[in-house]
Amino acid sequence: MLSPIPFSFESKFDSILKTHLVSKISESLSAYENPSFLAGFIWPKDFSKEQILDLKANFQQNLTSELSKALHSIPDFQNPVTSIYIDFTLNQITFHIQPVYIFGHYKKFSRTITQTFPYCFHCKGQSCRLCNFTGREPCESVQEIIAEPAQNLFQSNDNKFHGAGREDQDVRMLGNGRAFVLELIDPQKRSMDLSKLEQEINSKNQNKVEVIRLQYCLKAKIAEIKEAKFSKIYLAEVTGVKPFVKEKLLSLKNQTFELNQATPQRVQYRRAELIRKKRIKVLDIVPKTDCVFEIKLEAEAGAYIKEFISSDQNRTKPSLAELLNNVCDCTALDVLEIIEN
Ligand SMILES: [Zn+2]
């Protein structure tokens with residue numbers, strides 16, 4: 001956030017005060033691209049209704065039109081990029097700059113990159129001995145790979161990353177990628193060439209992360225991608241502790257299963273405990289060795305694939321472990337496609 005700036009005010013709403021405010025505000029916003037603005041006022045408490053009506057009709061109107069000239073910006077009462085709050089009770093001006101929202105899809109080709117900033121598991125970002133007082137795990141994240149060059153380009157000091165769901169760190173995200181919105185906080189620039197940003201991210205992160213079809217969007221896009229429920233196609237490598245019975249294994253092909261999945265033990269700390277009913281279809285089975293096969297699945301949004309394989313100690317039913325009468329482990333997993341209708 002832009003820090004609030006103090007101003008001097010001696011209960012005199014005159015042209016000196018107006019000039020003083022206009023210069024303070026233009027100075028603070030000089031680095032910002034400012035296509036539209038709205039000035040809001042908190043008037044002194046001890047003024048009468050009549051006095052305030054008069055201030056609104058005269059002082060406020062004149063100040064707004066002088067700001068418009070000084071900032072080269074249009075007043076906008078509906079959806080201003082810059083909101084300026086002038087508070088005569090605290091003698092302070094605060095600003096709110098609309099974030100820039102960038103919509104795109106990302107692919108992830110690595111099994112060591114997290115989706116969002118990897119806060120330290122122990123201190124949750126507070127900094128502790130275990131993370132060497134960095135507050136983070138030592139791995140990279142899709143969020144940082146995309147946001148760092150974006151923040152530099154837009155001169156923004158912070159960001160939020162909104163993904164349309166997420167995959168685990170060890171899962172690759174292939175196909176057409178996963179939708180996301182990057183929110184850039186307090187950006188000084190707002191109209192940069194996104195194809196250049198796309199090129200920069202992709203050339204620096206080959207074999208790690210790729211972004212496609214970056215475009216500007218509105219805030220509403222975040223809710224839209226968060227609410228969307230898309231089926232996915234996965235490719236999993238399954239390893240058993242003993243050889244699989246080949247006929248049994250191949251008979252799974254083209255079968256559809258209705259799963260009852262209790263909340264996986266590995267996410268119990270952040271998900272409500274409930275039974276989810278999810279449909280999974282087996283598209284293909286390819287044996288690799290006696291004890292290893294690849295399985296291609298189409299799964300309803302929100303199905304837990306690793307647990308469908310292992311059974312998660314019978315918390316998912318049916319499971320491949322149960323169907324194949326073997327102890328099964330998911331030893332590699334890729335999202336091949338998110339089916340956006
Ligand atoms: Zn820590």
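Leaving aside neighbours within four places in sequence, I42 is in contact with I86, D87, F88 and T89, where contact means heavy atoms within 4.5 Å. The model is predicted, so that local features need pLDDT of at least 70 and side-chain atom pairs count only at pLDDT 80 or more, while totals for chains, interfaces and linings use all residues. Residues are numbered from 1 along each chain as its sequence is written, and side-chain values use heavy atoms, with hydrogens and water left out.

I42 is placed in strand β2. Strands (E, at least two residues) and helices (H or I, at least four) are DSSP runs, numbered from the N terminus. With a relative accessibility of 39%, I42 counts as partly exposed; this class lies between buried, under 20% relative accessible area, and exposed, over 50% (1.4 Å probe, protein chains only). The bridge partner of I42 in β4 is D87, which is also among the residues in contact with I42.

Strand β2 (residues 36-42) and strand β4 (residues 82-87) run parallel and are joined by six bridges. Two strands are taken to pair if DSSP finds at least two bridges between them. Strand β2 also pairs in the parallel sense with strand β3 (residues 74-75), over two bridges, and there S36 stands opposite I74. In general, the strands of a sheet pair through backbone hydrogen bonds, either parallel or antiparallel. The open sheet consists of five strands in the order β1-β5-β4-β2-β3, with mixed pairing. Its edge strands are β1 (5-6) and β3, each of which pairs on one side only.

H72 lies in the loop between α2 (49-71) and β3. This histidine has a positive phi of about 50° although it is not a glycine, and at 71% relative accessibility H72 counts as exposed. Between the C-alpha atoms of H72 and I42, which are 30 residues apart along the chain, the separation is 24 Å. A positive phi is also found at N254, a residue other than glycine, with a value near 70°. N254 is located in the loop between α6 (246-250) and β11 (256-262).

The protein chain is divided into domain 1 (5-97), domain 2 (100-227) and domain 3 (231-339), with bounds that come from an automatic or database domain assignment. The C-alpha centres of domain 1 and domain 3 are 60 Å apart.

The zinc ion is coordinated by the SG atoms of C120, C123, C128 and C131, at 2.3 Å. Donors are N, O and S atoms within 2.8 Å of the metal (3.2 Å for Na, K and Ca); water is not among the atoms, so sites may look incomplete. The angles subtended by the four donor atoms around the zinc ion are 100 to 113°, which makes the arrangement tetrahedral. Four donors count as tetrahedral if all angles lie between 85 and 135 degrees. The ideal angle at a metal is 109.5 degrees for four tetrahedral donors. Along the sequence, the donor residues of the zinc ion follow the spacing C-x2-C-x4-C-x2-C. C128 and C131 are both buried.

H105 is placed in strand β6 (residues 100-108) and, at 4% relative accessibility, counts as buried. The side chains of H105 and R213 are joined by a polar contact of 3.4 Å. A polar contact is a pair of N or O atoms within 3.5 Å; within protein, one must be able to donate a hydrogen and the other to accept it, and residues adjacent in sequence count only if both atoms are side-chain atoms. Not counting residues up to four places away in sequence, H105 touches N176, G177, R178, A179, F180, E210, V211, I212, R213 and E340.

N326 lies in the loop between α8 and β15 (328-339). At 7% relative accessibility, N326 counts as buried. The side chain of N326 reaches the backbone nitrogen of V241 at 3.2 Å. With neighbours within four places in sequence set aside, the residues in contact with N326 are G240, V241, K242, P243, F244 and A321. The peptide bond from K317 to P318 is cis, with omega near -10°, and P318 lies in the loop between β14 (316-317) and α8 (320-324).

Note on methods:
Four donors count as tetrahedral if all angles lie between 85 and 135 degrees; four count as square planar and six as octahedral if opposite donors are over 155 degrees apart and all others between 65 and 115; anything else is irregular.
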